[in-house]
Amino acid sequence: MDETAGHRGGGGSGNGGVRKVIMVMVIIVSLGYLMMWFILPTSLYEYNWTPKLRAKLTSTFLGTQSTLILIFTSPVILIAVLGSVYAHLSKTARDYGGIRKKNRWLAKWRRPVLVKGPLGVVSSIELIFLIMFIALLIWSLSIYLHVGYTRITLQHGQKRWVEKWKVTAFRLGRTANICLAFLFYPVTRASTILPVFGLTSETSIKYHIWVGHTFMALATAHGLCYLLNWAVTGHLYKALRWRKIGVSNLAGEISLLAGLILWFATFPWIRRNMFEVFFYTHYLYIIFMLFFFLHVGISYSFHILPCFFLFVIDRYVRFLQSRQQDRLLFARTLSCGVLELNFVKSAKFSYNPTSIIFIKIPAISRLQWHPFSIISGSRLENDRLSVIIKVGGTWTRKLYDMVSTSSIDRLEASVEGPYGPVSNHYLRYETLVMISGGSGITPFFSIIRELLFASSTTEPKIPKIQLITVFKNASNLSMLSLLLPLSSTTFDLSKLDLLIKAYVTGEKHETQEHLRLPQTIWFKPTEIDLPISPGLGNNYYLWLGAIISSSFIGFLIFIAILTRYYIYPIDHNTDEVFSTSLKTILYLLILCACIVITSGFAIIWNKKRNAMETTSQSRDDNGDRELESLPYGSIFENTEVHYGERPNLKHLLFGTRDSNVGVLVCGPPSIRQEVASICGSGLAENLHFESLSFTW
């Protein structure tokens, strides 16, 4: 959960109390929602509650599906709307109180307990929830099988083991749907649910991976059991059956095939060595979900519809934002293969440290989007947004060569984001120890710049900062020269208690190559290049909550009209029954139409407001070309460089004596595992571990 004290920088003193009330409401609704998943497999729900609920809730407007809408869909929408208010109130919250004594127990539960293995670094609370989720799956499958076996009634010529086989195949599918109901929450980038629980999409990707692997294993077992059963009993023709009413087998097989291709491309070897294959096959989720809905029918899909509904809203809003061509002002290149891109942004557009953006360069690929950490601070540089890109693959190499070796005047680029934490909690620590390997240093630039701005204000005491960074080659030390922005503003670095310890593992002798100044390349933006601005304005989360609620209400109204005046008359005609597949397609079209209308209205409304705000910001960007003087010397004066050795992290961390130390790590798995092992050992109660490494 979020540990912020509820203080808002200039935002009023009552927000902390409102956020606590919202959190309590979300927890209550969430517990009720999870309890229904626990009860769902039981005979009590299936044969007792369901008939009674249908008798009371079924109407000519929503039919029998009204029960699932009330129990499994509406609670999630309510949580999402409440979460949007919570995220809005948290957006400018800053915690100045540190880790309070009553929250120390929660800090202990956040310590890593698993460091190595297929799950990566896992904290105590993550492990508990993982075990609980696995327990839910085991419980559901066992109860489903028990209930299913006891309901078997044999007809003439039927064999019990064959019927049990069918029941097992069916119940495996129903258990898999539990995973599908939670699959899309971690990849909803601008989620309104994750912030309530102190999470972001970037750090929740591993949950998506866990749930995805589990779902595909169960779904594959479900499909194979049916295919083998039909083959053994001589009914293999059923694999091509597409029923007008009920489950369509062929649709399920198409969905499973798309899922298997997608699943195969997610394994680490393919993702790391053939990223394009991984990236493009992920678009198969569209085919997978479409044919899944056609397979089970829309009425049953209300179990899993909420997470996909919220994901589609997020995806469409991102699509609308990405249609804009964003204004690139200049780039800085380093000989070590590092490129800094500097965009113009709306002056009122704010974000928190460690946020990321996704960038598309159409000249390289019109489909590929790549995530990069933002190094600029929105308060320190209110009109700029900067990222660092290190050459590490085909896409980044092409971009670096395009900027550094050609004389281009303009680089067309589009941006999605930023995405990141909704509140800034780094001021709560007495000391920040930031440990990085290679390009993992980039997220820490934004924290340092944010604290540099805070040091010039009347905000409380700024934490001491230790930046421990590991590079393979001495040339990579030049990345430190990008720590401060290219600006006319005077930055008093002496106000920060900053110590940088750099370790060069691949070289044993000092060089001066890292002291070379970056090469600056200025661009000439055109009138169609616009400053980066929030697609839904500065009140992004409130608008997102309005889109979620209005599109869901509109969806219910339109399907009620469709059901009452089109589907219901056909279903109650003794000569004709309405097609399940056609009903599913109509419902999905209505759902998409509601999302398009509400999101489009919100984007257009805010685009006009953004245009009015940025008109006054427009200026001749060439005027900044004189701003080349930077205090690089002061950066390296605060830097200890060690050649031919690795840092003794245990000694460095245990030597930090402050009572409240935030340990942030970003880099290769070996560094993350080493730091997690030290912080999770329990030998130092003052160390609070946080990983900023993302898996895409």
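What follows is a close look at one surface patch, then at the protein around it. Which residues form the nonpolar patch on the surface?

Mentor: First, the ground rules. This is a predicted model, in which local features need pLDDT of at least 70 and side-chain atom pairs pLDDT 80 or more, while totals for chains, interfaces and linings use all residues. Numbering starts from 1 along each chain as its sequence is written, and side-chain values use heavy atoms, leaving out hydrogens and water.

Now the patch. F61, I553, I557, F558, I561 and Y565 form it. Together they have about 630 Å² of accessible area (Shrake-Rupley method, 1.4 Å probe; for residues, only the protein chains shown count as cover). Patch residues have over 30% relative accessible area and no salt bridge; nonpolar side chains (Val, Leu, Ile, Met, Phe, Trp, Tyr) are joined within 5 Å, like charges within 9 Å. A salt bridge puts a side-chain nitrogen of Lys or Arg within 4 Å of a carboxyl oxygen of Asp or Glu.

Take I557. It sits in helix α16, residues 540-571. Helices are DSSP runs of H or I, at least four residues long; strands are E runs of at least two; both are numbered from the N terminus. I557 counts as partly exposed because its relative accessibility is 45%. The scale is simple: buried is under 20%, exposed is over 50%, partly exposed is in between (1.4 Å probe, protein chains only).

C307 is buried, with a relative accessible area of 1%. A search of the whole structure finds zero disulfides (pairs of cysteine sulfur atoms within 2.5 Å). For C594, the nearest cysteine sulfur belongs to C592, 9.4 Å away. C594 is buried too, at 7%.

Finally, step back. The protein has 20 helices and 17 strands. Of its 696 residues, 56% are buried. It exposes about 30,500 Å², and carbon and sulfur atoms supply 62% of that.
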